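Hi,

Here is the structure I promised to pass on. Have a look at it first, and then read on for my notes.

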Amino acid sequence: MTKQALSLLSILLIFLFHSITTLAQPAAVPSPPVVAPAQPTTPPTAPAKPPAPAATPPTQPANAPVQSAQVPIQKGPTDIIKILTKAHGYSVFIRLLKSTGVAGQLFGQLNNSNIGFTIFAPVDSAFSNLKAGTINSLSDLQKTELIQFHILNTVVALSNFQTLSNPVPTEAGDTSDGEFPLNVTTAGNQVNISTGLVNTTLGGTIYLDNQLAIYQVDKVLLPLDIFSPKPKVAAAPTLSKPDATTTATNSPSGDVAVAAKVDASGAMRLGINGMLLSIGVAVATFFARKGP
């Protein structure tokens with residue numbers, strides 16, 4: 001009985017000792033659960049769209065003239081000065097149109113008749129590219145002819161230049177007399193202008209209606225008649241018809257004839273003188289013989 005009690009007591013003490021030792025140890029802190037690194041929550045990207053193709057400008061025919069901003073058709077009287085002022089860049093040409101009086105003449109004809117015109121308007125840079133003093137050295141008449149040389153007395157649309165016959169007449173002079181020749185040629189849609197001194201290409205259309213066409217040119221059209229005039233040929237002197245006396249005198253046969261005439265007249269005078277001398281001698285002999 002006593003042995004059983006001691007055994008139970010010993011077991012109890014061992015259990016208590018083990019419990020006290022276990023409780024005396026610090027409890028291990030549980031390690032936090034391993035968390036996987038958070039992935040960025042970006043929405044799924046849509047597939048990249050291919051770049052939009054660049055807009056291609058409308059194709060122009062090869063050698064097509066560059067079209068500048070066209071001045072709208074005017075309401076009311078047609079005024080070239082107003083048209084060129086709206087187009088900008090033609091101040092020198094405008095000044096010459098005014099100073100020569102050509103602008104006023106064109107205004108009257110455009111608004112009081114059915115006459116049409118085509119004008120080649122040089123830009124300001126065309127005048128500045130000329131040799132210094134080129135325009136100022138001209139007389140008033142030459143300035144007027146220079147401006148008129150840029151004007152055709154008919155309306156020519158851009159597509160109709162190929163129908164012109166060279167030389168093309170201008171307001172400056174009559175080409176039938178060889179004055180102020182202007183030649184126009186076409187190559188596809190390109191219009192070339194030649195004066196004999198200047199070659200240029202027609203630029204954009206500034207203005208166009210059924211009575212007036214104005215085109216841009218990048219050079220001043222210099223006419224030969226002003227800047228390289230032909231030398232005037234002196235008229236050949238008219239020869240007077242020689243008379244018979246002059247011809248006879250100046251020819252060898254004439255000399256013989258004149259000498260024959262001289263000899264004949266001299267012989268005649270000698271014969272008369274000899275006859276008179278004989279008569280005088282006979283008379284003197286007669287009176288000498290008769291005596292007193």
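A nonpolar core, as I use the term here, is a set of buried Ala, Val, Leu, Ile, Met, Phe, Trp, Tyr and Cys residues joined through side-chain atoms within 4.5 Å. Buried means under 20% relative accessible area. Please keep in mind that this is a predicted model.

The largest nonpolar core has 52 residues, and the members that touch the most others are Ile-80, Leu-84, Leu-97, Phe-120, Leu-212 and Ile-214. Take Leu-97: leaving aside residues up to four places away in sequence, Leu-97 touches Ile-80, Ile-81, Leu-84, Val-102, Ala-103 and Ile-147.

Now for the chain as a whole. The chain has 9 helices and 6 strands. Of its 292 residues, 27% are buried. Among contacts with a separation of 6 or more, 67% are between residues 24 or more positions apart. The accessible surface is about 20600 Å², and carbon and sulfur atoms account for 63% of that.

The loop between β2 (151-152) and β3 (183-187) deserves a look, as Pro-167 lies there. Pro-167 is joined to Asn-166 by a cis peptide bond, with omega at about -5 degrees. Phe-161 is in the loop between β2 and β3 too. Is Phe-161 buried or exposed? Its relative accessible area is 1%, so Phe-161 counts as buried. Not counting residues up to four places away in sequence, Phe-161 touches Thr-118, Phe-120, Val-156, Val-184, Thr-186, Val-191, Leu-202 and Tyr-215. One of these, Val-184, is 23 residues from Phe-161 along the chain, and their C-alpha atoms are separated by 7.3 Å.

His-88 sits in another loop, the one between α2 (80-87) and α3. Although His-88 is not a glycine, its phi is positive, at about 70 degrees. With a relative accessible area of 61%, His-88 is exposed.

Finally, a pocket. The second largest pocket has a volume of about 160 Å³. Its lining includes Val-92, Arg-95 and Leu-96, along with Phe-127, Leu-130 and Lys-143. Helix α3 (residues 91-99) gives the largest share of that lining, 3 residues. By type, the lining residues of this pocket are 6 nonpolar, 3 polar and 3 charged.

Happy browsing, and do write back with any questions.

Best wishes

Key:
Residues numbered from 1 in each chain as written. Predicted model: local features only at pLDDT ≥ 70, side-chain atom pairs only at ≥ 80, totals over all residues. Heavy atoms only, no water. 1 Å grid on protein atoms, 1.4 Å probe; cavity = no way out; pocket = protein on both sides within 12 Å on 5 of 7 lines; lining within 4 Å. Points joined across faces, edges and corners; volume = space filled by probe spheres on them. Helix = DSSP H or I, 4+ residues; strand = E, 2+ residues; numbered from the N terminus. Nonpolar A, V, L, I, M, F, W, Y, C, P; charged D, E, K, R; others polar. Buried < 20%, exposed > 50% of the residue type's maximum accessible area, 1.4 Å probe, protein only. Contact = heavy atoms within 4.5 Å. Areas by Shrake-Rupley, 256 points an atom, 1.4 Å probe, with all protein chains shown as cover.
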